[in-house]
Amino acid sequence: MNKNYFLIVLIFILSSSCFGDIVLIASKASGIKSISKSELVSIYSGRGKRIGSKSVKPVMLKGGDVHEAFCKIFLKRSPSSVSKIWKKLVFTGKASMIKTLSDEADMIRQVSSHSEYLGYVDRKNINDDVVIVEVR
Amino acid sequence: MRLLLFSNFILVVASNLVALDFSYNGQLTQTYLQTTGNQPDYDGFMFNRTDEGSWKFTEMTLGGSVDVNENFRVGLQGISRVYGDYGNYDITLDWGYADYRFSDYFGIRAGKVRNALGLYNESRDVDSARNSILLSQDIYEESYRAFINSIIGASVYGSFEKDTWGTFDYQIIFGNVDIADDFFFNDELAKVGVNKSPDFRGDWHATAYLEYAVPWGSRLDGLKLAFSHSEFRAKADIAPVFGPRDFEYDLDVSTTIYSIEYDQFDYTLGAEYMHRLFGPKIPDDVSAVYDAPAFAALRAGWDGILSFSTNDVRAYYVYGAYHFTEKYTAQLMYSVSDHRGRVDTDSNTYTFSQRYDFDDYVVGKLEYKHILSDTGKWGVFLARLGLSF
């Protein structure tokens, strides 16, 4: 029993570390410090456009482990499910396609230079150009 | 076609001139369809005798939109379809509207807007947003598309979210439907000899759509419930080839759909139940003549196309999809319909669909439907390749 329990915990820890530690980021100029769970889901589902009174635009990575982890941990959806949501919005005229970026370096570059962008990266890749947005 | 291209051109030029945020999108799907078994001669408009296979099932859309500012956007999309004997690559405006969002809670759209009826009517032309090739034909009948596809008028919409109680979305749409825009209904009237010069048209149409999603991170996160109701009246000046006299025909149609969907990382489950009531209004003297035995055969033929008596349709479907990998998804659907009226028919449809995403732009799908109804037992095989950008 104890062995099984240990194994489960080990698998959980290993799988978590595979996904890394994903954090939400915004530009320093944005003044955004935190976001509620519902605001986050709403913005990445194309329904909401604001954090409090601030207008924001979500950006996503094109693919990869960090993107998959973000979709799973923060949105509780698969990347393909998130992609379907956006295609539905775009092809019914409700939103423009979400901006997608090729890698985390580009994500940090774009977010730091656009005060309205909201993005995500692995915590280990973060630098001083962006701030971490806390999910409350 | 010229008007749509011109409108898109204007959007592009305008957005460049004033440095607006312009985006464009397009889709192309080509489908192969083949029916097998004891298919009835008449079963809706789309599966009419294709036992030798048919490639005449193509859809294309091209659209664009401009974010004028953070609250205001305009856009349009043209659609061209060939659907068996219908469509013939005619290009029509799929949607086109101006959208002003006062806040996340309240916005207004005006123009030709997609009709939010059930979970899928609004996105019925967005192949890449679903796993199956065809939606459940018991609820999203292609033969009924002309009535419910889009509404020319205005809609109000909004979304309320709280971490504690979840998300509540609403849309209320009011206006009219341009039936002629959505091909084939008037053609069908002509085929069965109802009209010398068919002229079926919408009078007014109203739809309310309400959706609730449970809070993020809660035990049932991923669960969505929706209710939608639509009322419309259509009119036709009927000039029968055989019959007592020309007359005006009114048709009141009421549709209610209850929906549930549970979307998880690896799988999605869903179900919808629909109740639709057709209430035709025919002058008494005309109705008396058509009730005579001499007209029985004629009337029976018409009833499939144009309701001459109250029809009550109840339908539901349940489905489950499993995402085996990021690229491959398989889905099973069971769909039932029960038509009660002058012509009583029941049908059960089993559908197995497979979807493969080659990349972000190209999707391949295979689908088999097994249909058991009072009028026959047959299968439909479909294969589709879709491109979207």
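**Stop 1: the sheet of chain A**

Select the strands of chain A, which form an open sheet of 6 strands in the order β2-β8-β1-β7-β5-β6, with mixed pairing. Strands (E, at least two residues) and helices (H or I, at least four residues) are DSSP runs, numbered from the N terminus, and two strands pair if DSSP finds at least two bridges between them. The model is a predicted one, in which local features need pLDDT of at least 70 and side-chain atom pairs count only at pLDDT 80 or more, while totals for chains, interfaces and linings use all residues. Residues are numbered from 1 along each chain as its sequence is written, and chains are lettered from A and ligands numbered from 1 in the order in which they are written.

Next, select residues 57–61 and 117–122 of chain A, which are strands β5 and β7; they run parallel and are joined by 2 bridges. In β7(A), A:Leu118 is the bridge partner of A:Pro58.

**Stop 2: the helices across the sheet**

Select residues 65–75 of chain A. This is helix α3, lying across β1 (22–27), β5 and β7 of chain A, at about 95° to β1(A). Such angles run from 0 to 180 degrees between N-to-C directions, with axes as lines fitted to C-alpha atoms, for helices over the stretch in contact. Two residues are in contact if their C-beta atoms, placed from the backbone, lie within 7 Å.

Now move to residues 104–113 of chain A, helix α5, which lies across β1, β5, β6, β7 and β8 (130–135) of chain A and runs at about 150° to β7(A). Which residues of α5(A) are buried? They are A:Glu104, A:Met107, A:Ile108, A:Val111 and A:Ser112. Seen down the axis of α5(A), these buried residues fall within an arc of 120°, so they line one face of the helix. The arc is that of the directions from the helix axis to the C-beta atoms. A residue is buried if 20 or more other C-beta atoms lie within 10 Å of its own, exposed if 12 or fewer, and partly exposed in between, with C-beta atoms placed from the backbone. On the other side of α5(A), A:Ala105 and A:Ser113 are exposed. The buried residues of α5(A) pack against β1, β5, α3, β6, β7 and β8 of chain A.

**Stop 3: the strands of chain B**

Select chain B, whose secondary structure comprises 5 helices and 16 strands. Of its 389 residues, 38% are buried.

Within chain B, select β8 and β9, an antiparallel pair with 13 bridges. B:Lys235, in β9(B), is the bridge partner of B:Arg201.

**Stop 4: the nonpolar cores**

Select B:Ile139, B:Phe147, B:Ile179 and B:Ala234, the residues with the most contacts inside the largest nonpolar core, which has 43 residues. A nonpolar core is a set of buried Ala, Val, Leu, Ile, Met, Phe, Trp, Tyr and Cys residues joined through C-beta atoms within 7 Å. β12(B) gives the most to this core, with 5 residues. A second, separate core of 29 residues includes A:Ile51, A:Leu61, A:Ile108 and A:Leu118.

**Stop 5: where the chains meet**

Finally, display both chains: 36 residues of chain B are in contact with 26 residues of chain A. β1(B) gives the most to the side of chain B that touches chain A, with 4 residues.
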